[in-house]
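Here are my notes on the model you sent over. Have it open while you read.

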Amino acid sequence: MSEMPVTPEEQPKKSNTGLIIGIVVVVLLCCCCAIALGGWFYGDTLVQSFG
């Protein structure tokens, strides 16, 4: 008598939407922080160079 291998039921795929949105938010926050820090350190130099 041959036994059929028992396969687990296929579970629905988990959505990665939350993970993707979280990564995009973190990247945007990092960009905003980098721009703010750049303005903080180099703002006076940029204002003087533009007149």
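The points below go from the overall fold to the helix, the surface and the cysteines.

1. Ground rules. This is a predicted model, where local features need pLDDT of at least 70 and side-chain atom pairs count only at pLDDT 80 or more, while totals for chains, interfaces and linings use all residues. Residues are numbered from 1 along each chain as its sequence is written, and side-chain values use heavy atoms, with hydrogens and water left out.

2. Overall. The protein has 1 helix and 0 strands (DSSP runs numbered from the N terminus: H or I of at least four residues for helices, E of at least two for strands). Of its 51 residues, 2% count as buried (buried is under 20% relative accessible area, exposed over 50%, partly exposed in between, with a 1.4 Å probe and protein chains only). Carbon and sulfur atoms hold 69% of an accessible surface of about 5500 Å² (Shrake-Rupley method, 1.4 Å probe; for residues, only the protein chains shown count as cover).

3. Phe50 is found in helix 1, which covers residues 17–50. Phe50 counts as exposed because its relative accessibility is 73%. After helix 1 comes Gly51, with a positive phi near 110°.

4. The cysteines. How many disulfides are there? The count comes to 0, with a disulfide taken as a pair of cysteine sulfur atoms within 2.5 Å. For Cys32, the closest cysteine sulfur is in Cys31, 7.0 Å away and too far for a bond. The sulfur of Cys33 is also too far for a bond, because the closest cysteine sulfur, in Cys30, is 6.6 Å away. Cys33 is partly exposed, at 46% relative accessible area.
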